[in-house]
Structures are given as structure tokens and as C-alpha cells.
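Me: I would like to learn how to read features from a structure, with the general idea before each case. Could we go through the one shown below together?

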Amino acid sequence: SPRRTQMTTAMRTFAPAFAALGIVLLGLYVLQGQNGAITVSRPRLGAGVVGLRNTSPSLAVGMRTRFVPGRGKTGAWCDVGHKLIGGGCASQGHVSSQKTQSGVVCNALPGQAVVASIVCKEEGEFGTEDFKLNFEADSNPISPWHNIPLSAGEGLYNMVTEIPKMTKAKMEIDTKSENNPIKQDVKKGNVRYYHGPIFWNYGCLPQTWEDPNIKGDDNVGGAFGDNDPLDVVEIGSASLAMGSVTAVKPLGVLSMIDDGELDWKLIAINAKDPKASEINDIDDIEKHYPGTVSGIREWFRWYKTPDDKPVNSFGHGEKALPKADALKVIEETHKHYNDMMEGKSDKGKLWTPAAVAA
């Protein structure tokens with residue numbers, strides 16, 4: 001009937017807006033469950049750092065120092081509420097002239113000395129196709145995917161943050177460009193933004209790969225890997241800077257099926273989060289942060305629908321798998337990565353270091 005046709009047209013017209021509103025409301029609910037309050041932050045990159053040796057006790061406000069074996073006393077200009085505790089990645093463009101680069105950054109673990117020399121440098125204007133966040137170590141370009149180790153020691157893993165919590169720019173490691181800088185995803189000539197903010201820190205584990213040449217089992221409908229590093233959803237209370245390297249504790253994993261491809265979502269927590277010692281497996285999340293796991297699942301189920309894309313689905317009966325299974329996924333994707341680097345799997349157009357690829 002004409003009335004039904006009008007209603008159907010109206011539903012199609014307003015469905016994307018309702019979907020976007022639903023994503024925002026879902027996130028507000030989850031954030032209230034996690035923190036008891038809602039905090040919105042703008043995108044930012046890592047705090048700048050400066051290396052010091054034999055420094056005097058009288059340091060400027062904001063300076064933090066620690067002793068690094070083999071390097072002496074090292075200091076950094078840290079953001080308010082942050083501590084200088086080890087390696088990571090710092091940004092050149094979002095810091096003052098006082099905050100020069102060296103190699104020890106706020107909010108990483110002391111055990112991450114292997115990544116302590118990593119810094120980040122911006123190229124181009126943020127929010128455009130020209131923007132790149134490049135990684136360096138000892139003034140030499142490196143890849144955050146290939147040159148940062150997977151393990152952070154003591155059962156922890158290094159996470160490279162691509163998208164800080166409560167931001168919308170769709171940033172990602174460019175697996176096909178030289179040295180794999182972080183760039184903003186582009187679709188039809190336009191940089192991409194989520195229709196609502198993501199409510200957790202989002203990134204990936206280096207030296208992992210979801211192999212598109214390998215078919216999954218029946219639990220994931222036989223889906224093949226999505227050709228990317230293993231994604232991480234970090235649920236801690238702090239916003240992690242884009243490009244930062246953070247030791248995280250795996251808690252569980254969701255087997256998302258996105259456009260027919262298997263896209264694992266590792267759920268983890270910053271090892272330095274105040275709740276980290278109390279949250280050790282997937283069931284602990286509900287005790288401390290009620291609604292978080294279901295919130296993650298529903299956010300990723302619906303986030304593409306405002307663009308007239310279908311909802312994403314999940315394998316394993318939509319269940320969030322426990323830590324033991326998450327560790328198996330990390331081990332499996334690390335093996336797939338090593339097979340690619342050894343030439344045992346077809347890497348297609350992915351960029352890998354020439355010395356390894358030769």
C-alpha cells in the first residue's frame with residue numbers, strides 16, 4: 001500500500017542515523033559501567049621525550065626521570081598523570097619545542113627496553129590523505145609491524161595503538177606501504193571516520209598476521225583471514241596515544257566475521273592499568289566492567305551500518321572466548337606471520353623489509 005511504501009522509505013532514510021545514535025548510546029552505557037563517569041578526549045599522539053645523563057635533581061615541572069641500565073639517568077616530559085616507566089613511541093608534532101625526542105616514553109613497562117629507542121614523527125597534515133605517522137629507532141626508519149617484538153615479557157604482549165579511545169578517525173598501520181606508517185584509511189577519495197567514537201583503545205599486535213590463504217574451521221564458518229595483523233581492543237581506563245607501544249595482558253577474544261573474512265578481536269588490558277591485577281580472564285571483565293564485552297561485540301557488529309553495510313557476525317556462537325583461546329590465536333597468527341616472512345605463504349602486495357623478503 002502507499003502508506004507502507006512511505007514507511008519503508010522513511011525507515012531506509014533514517015536507519016543510518018538511528019544506527020549511529022545507537023552506537024553512541026551503547027558506548028555511553030559501557031563507559032558508565034567501566035568508570036562511573038564519562039570522559040571525552042581528543043586524539044593525541046605520544047608525549048615527547050628528552051634523554052638526560054647525570055641530570056641535577058632540580059628539574060622543570062613535568063619532567064620525570066628514571067635510571068635505564070646502560071644509559072644512565074633518562075628523563076621525559078610526561079603528560080599530567082603519566083609516569084616515565086619505559087619504552088614506547090613519542091610524537092614530534094603534538095609536543096612543544098621543549099619536548100625533544102630521545103627514546104624513553106611515558107606509560108610503558110621497564111621490561112620493554114627493546115622498544116625504548118622508538119620515536120614517531122608526523123608527516124603531512126592530520127585529517128588528510130597526506131598524513132603519516134612514521135616510526136624510527138636510533139634515527140633509522142622502522143616498521144611498527146615488523147620491527148617491534150610481539151612479546152613484552154612476563155606473559156604480556158606489545159600493542160601498537162592506532163586509534164585512541166573516544167576518537168573517530170579511522171587510523172591504521174598501512175601494511176602495503178614502505179615501513180608501514182600509521183595512516184588514515186581512505187574510501188572513495190575521502191579519509192574515513194567512524195560515525196561515533198570508539199570507546200576503547202584500538203590497535204594491533206606486531207609480528208602477527210591473519211593469513212588470507214588459510215581457511216578457518218566450522219566455528220567461524222570456514223572464513224579466511226582478513227590479511228591484517230591481529231586487532232586488539234584495550235579496555236583500560238587510560239587513553240593510549242596513537243603510535244604508543246604498550247604492554248597488554250590478553251583476556252579473551254571474539255571471532256568476528258567481517259564481509260566474509262575472519263577478523264579476530266583480541267580483548268586485553270594495559271598491564272599498568274589499576275585494575276590489571278584483578279582482571280585475568282574474560283569472566284573477570286564482567287565483574288569489574290559490566291557490559292564491556294557485550295558492548296565491544298555490539299559496537300563492532302553495528303559500526304558499518306550507517307554506510308549501508310550489513311551487520312557483522314561472530315563465530316563460536318557469538319561467545320567471547322577465554323584467555324586460553326586468546327593465547328592460541330596469538331600463537332597461531334604469529335606462526336602465520338613467520339610463515340609469510342619465510343616465504344611459506346603468499347604475502348600478495350604486503351610490504352616486508354627487503355632483507356627478510358630477499
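Me: Which backbone oxygen does the side chain of Ser244 reach, and at what distance?

Reply: A polar contact is a pair of N or O atoms within 3.5 Å, where, within protein, one must be able to donate a hydrogen and the other to accept it, and residues adjacent in sequence count only if both atoms are side-chain atoms. Here the side chain of Ser244 reaches the backbone oxygen of Ala241 at 2.6 Å. Please keep in mind that this is a predicted model, in which local features need pLDDT of at least 70 and side-chain atom pairs count only at pLDDT 80 or more, whereas totals for chains, interfaces and linings use all residues. Residues are numbered from 1 along each chain as its sequence is written, and side-chain values use heavy atoms, with hydrogens and water left out.

Me: Where is Ser244 found, and is Ser244 buried or exposed?

Reply: Helices (H or I, at least four residues) and strands (E, at least two) are DSSP runs numbered from the N terminus, and Ser244 is found in the loop between strand 19 (231-234) and strand 20. Buried means under 20% relative accessible area, exposed over 50%, and partly exposed in between, with a 1.4 Å probe and protein chains only. Because its relative accessible area is 10%, Ser244 is buried.

Me: How many helices and strands are there in the chain, and what percentage of its residues is buried?

Reply: The chain has five helices and 22 strands, and buried residues make up 51% of its 358 residues. Contact means heavy atoms within 4.5 Å; among the contacts in the chain with a separation of 6 or more, residues 24 or more positions apart account for 66%.

Me: What is the volume of the largest pocket, and which residues are the closest to its centre?

Reply: Rolling a probe the size of a water molecule over the atoms shows where empty space is left. On a 1 Å grid over the protein atoms alone, a pocket is an open set of points where a 1.4 Å probe fits, with protein on both sides within 12 Å along at least five of seven lines, and lining residues have an atom within 4 Å of a point. The largest pocket has a volume of about 1000 Å³, a volume being the space filled by probe spheres set on the points, which are joined across faces, edges and corners. Of the 42 residues that line the largest pocket, the closest to its centre are Lys170, Glu172, Asp185, Arg192 and Asp228. Elements that give two or more residues to this lining include strand 12 (171-173), strand 20 (245-258) and strand 21 (261-270). By class, the lining has 14 nonpolar, seven polar and 21 charged residues, where Ala, Val, Leu, Ile, Met, Phe, Trp, Tyr, Cys and Pro count as nonpolar, Asp, Glu, Lys and Arg as charged, and the others, Gly among them, as polar.

Me: Which element gives the most to the lining of the second largest pocket?

Reply: The second largest pocket has a volume of about 340 Å³, and of the 21 residues that line it, the closest to its centre are Gly216, Asp217, Leu262, Trp264 and Glu332. Helix 4 gives the most to this lining, with six residues. By class, the lining of the second largest pocket has eight nonpolar, six polar and seven charged residues. Helix 4 is also the place of His336, which counts as buried because its relative accessibility is 10%. Leaving aside neighbours within four places in sequence, His336 is in contact with Trp209, Asp211 and Ile214.

Me: Which residues have the most contacts inside the largest nonpolar core?

Reply: In soluble globular proteins, nonpolar side chains tend to be buried together. A nonpolar core is a set of buried Ala, Val, Leu, Ile, Met, Phe, Trp, Tyr and Cys residues joined through side-chain atoms within 4.5 Å. The largest one has 49 residues, and those with the most contacts inside it are Ile235, Ile285 and Phe300. Beyond neighbours within four places in sequence, the contacts of Ile285 include Ile235, Leu251 and Ile267. Another core, of 19 residues, lies apart from the largest one and has Leu150, Trp264, Leu321 and Ala326 among its residues.

Me: How many residues of helix 3 are buried?

Reply: Helix 3 (residues 292-302) is mostly covered, with eight of its eleven residues buried, among them Val293, Ile296 and Phe300.
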